[in-house]
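Please walk through the fold below one part at a time. The paragraphs that follow take up charged pairs, then a helix and its surroundings, then the surface.

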Amino acid sequence: MSEGLYTVVMGIRDFLKEYFNGFWDYETPKMMVIKNRPLGVIYRAVQFLVITYFIWYVFISQKAYQQSETHPESSVYTLIKGKAEHGEDVLDNVEYAHPPEGVDVISATLRREFTYDQRQGTCPEHFSVDNANCTTDSDCLPGLPNFDSHGIRTGRCIQYHNHPFKTCEIKAWCPIEEYAVVREPPLVQAINFTVFIRNSIHFPKFKVLRVNVESPTGMKTKKYLKRCHYHEENAPYCPNFRLGYIANQARENFTELCRTGGVIGVFINWDCNLDLDPSHCKPTYTFRRLDLRKDLADSGYYYRFAKYYDKNGVESRTLIKAYGIRLDIIVHGQAGKFSVIPTIISTVTALTSVGICSIICDWIMLTFIDKNEVYSERKFDEVTKEPTDTIRTEFSFISSYGSNHSDLSDGVPL
């Protein structure tokens with residue numbers, strides 16, 4: 001074996017031996033009192049921050065002494081109520097609410113567009129569709145698919161109704177919507193429609209069931225629900241919400257919603273401290289527009305449906321495009337109750353974290369203050385064998401400007 005290789009092998013062996021022997025060493029902290037005002041201020045300031053964090057945030061704000069449950073069982077029942085005069089007709093919830101009785105999603109129709117007497121046949125494609133305009137039949141390939149098309153092309157180029165230009169002929173429900181649509185005025189009286197939202201929430205871990213419906217003392221619930229409207233302070237347990245109130249809380253213009261429609265989220269949050277009586281567990285409501293609405297061609301909320309009938313022996317239909325408000329009911333809930341185990345864990349964590357203060361100050365002392373390495377010599381001692389004589393303990397005081405003790409011959413200027 002060459003001398004260089006032998007040196008490397010021996011070096012590795014010595015390193016492993018030293019590491020193995022050092023692994024079984026026991027380290028114990030040594031107490032020193034450092035008479036240094038800036039270091040003492042830092043130590044107490046860090047202690048104050050750590051203690052404040054655990055008392056205010058961990059225990060008071062986050063309630064770390066409680067056992068919590070964040071996935072409760074919830075059910076939602078919704079119903080839209082109200083009557084509106086629309087032209088010569090009177091509309092009820094059967095005509096404008098879809099579905100009439102919903103769960104966590106329900107919508108109210110605010111404006112409709114009708115295309116009457118559509119039948120299966122051929123008609124010219126609308127000129128706004130890509131590649132719909134033509135001059136000859138060769139411009140219209142039969143059966144050519146198009147995402148925006150209203151039907152299937154026949155391969156003919158025909159005149160667009162009474163206009164001088166031509167478009168490709170399609171086989172579809174004719175006449176097409178863009179050509180024959182009839183628009184109704186918006187249902188502005190819908191601003192006073194009432195949305196009934198009943199929410200039941202169950203925390204199985206704590207066996208607590210709460211409902212967002214509760215009548216005042218001395219009044220029957222059924223009678224109370226017929227006349228109340230939700231108010232955060234005066235009627236927090238009334239589940240009746242006006243559509244106008246919901247739009248206002250979501251910072252939306254109701255007239256604009258009638259024109260384009262929109263999706264609004266109704267967020268019900270249950271934050272329950274079960275160390276108190278369950279009657280203190282009350283829901284809070286927030287409202288927010290969920291769909292994008294700025295400068296988008298498909299912004300808002302609408303859907304299409306048709307009413308089919310037989311006219312002169314031919315199947316016909318009336319196509320209806322309905323704009324409205326869709327309400328998505330989203331429930332969040334959490335509950336907490338005092339428990340010994342999380343209290344012990346949080347308390348031990350807090351006491352342990354106070355030790356960070358000593359680590360930080362030791363690092364500052366040994367890195368920035370210990371210029372002559374006097375502190376490090378006093379702080380770190382190595383005992384290689386068990387003593388035979390009794391060791392007299394010494395509690396040292398080190399001053400910022402020096403010491404008269406025999407253990408420190410010269411002062412350590414800072």
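A salt bridge is a side-chain nitrogen of Lys or Arg within 4 Å of a carboxyl oxygen of Asp or Glu. Arg-210 and Glu-214 form one, with their closest N and O atoms 4.0 Å apart. The model here is predicted, so local features need pLDDT of at least 70 and side-chain atom pairs count only at pLDDT 80 or more, while totals for chains, interfaces and linings use all residues. Residues are numbered from 1 along each chain as its sequence is written, and side-chain values use heavy atoms, with hydrogens and water left out.

The protein chain has 414 residues, and 37% of them count as buried. Buried means under 20% relative accessible area, exposed means over 50%, and partly exposed lies in between, with a 1.4 Å probe and protein chains only. The secondary structure comes to nine helices and 20 strands. These are DSSP runs numbered from the N terminus: helices are H or I with at least four residues, and strands are E with at least two. Of the contacts in the chain with a separation of 6 or more, 68% are between residues 24 or more positions apart; a contact means heavy atoms within 4.5 Å.

Return now to the charged pairs. The salt bridge count comes to twelve. In the pair already named, Arg-210 is buried because its relative accessible area is 12%, whereas Glu-214 is partly exposed at 39%. The side chains of Arg-289 and Glu-252 also meet in a salt bridge, at 2.9 Å from N to O. Arg-289 lies in strand 17 (residues 283-289) and Glu-252 in the loop between helix 6 (243-249) and helix 7 (254-260), so this pair ties together parts that are 37 residues apart in sequence. Both Arg-289 and Glu-252 are buried. Asp-14 and Arg-13 make another side-chain pair, at 3.7 Å from N to O. Asp-14 counts as partly exposed, because its relative accessibility is 40%.

Next, follow helix 2, which covers residues 37-61. This helix has 25 residues and reaches 34 Å from its first C-alpha to its last, close to the 36 Å expected at 1.5 Å a residue. The expected span is 1.5 Å times one less than the number of residues. At the N-terminal end, Asn-36 caps the helix: one of its side-chain oxygens lies 2.9 Å from the backbone nitrogen of Leu-39. Just after the helix, Lys-63 takes a positive phi of about 50°.

Which residues of helix 2 are buried? They are Leu-39, Val-46, Gln-47, Val-50, Phe-54 and Val-58. An α-helix has 3.6 residues a turn, so residues three or four places apart point the same way. The buried residues of helix 2 pack against strand 1 (33-35) and helix 8 (340-369).

Val-58 shows this part of the structure at the level of one residue. Val-58 is buried because its relative accessible area is 13%. Leaving aside residues up to four places away in sequence, Val-58 touches Tyr-53, Lys-63 and Ala-64. Val-58 and Ala-350 are 292 residues apart in sequence, yet their C-alpha atoms are 9.1 Å apart in space.

Ser-346, in helix 8, is buried because its relative accessibility is 11%. With residues up to four places away again not counted, Ser-346 touches Phe-59 and Ala-64. A polar atom of the Ser-346 side chain lies 3.2 Å from the backbone oxygen of Ala-64.

The last stop is the surface. The accessible surface of the chain comes to about 26900 Å², and 55% of it belongs to carbon and sulfur atoms. Accessible areas come from the Shrake-Rupley method with a 1.4 Å probe; for residues, only the protein chains shown count as cover. A nonpolar patch of about 970 Å² is made by Val-8, Ile-12, Phe-15, Leu-16, Tyr-19, Phe-20, Phe-23 and Trp-24. Patches are made of residues with over 30% relative accessible area and no salt bridge, joining like charges within 9 Å and nonpolar side chains (Val, Leu, Ile, Met, Phe, Trp, Tyr) within 5 Å. Trp-24 lies in the loop between helix 1 (3-23) and strand 1, and counts as exposed because its relative accessibility is 60%. Met-31 is also placed in the loop between helix 1 and strand 1. The C-alpha atoms of Met-31 and Arg-378 are separated by 10.0 Å, although the two residues are 347 residues apart along the chain.

Definitions and conventions. Polar contact = N/O pair within 3.5 Å; in protein donor to acceptor, adjacent residues only side chain to side chain.
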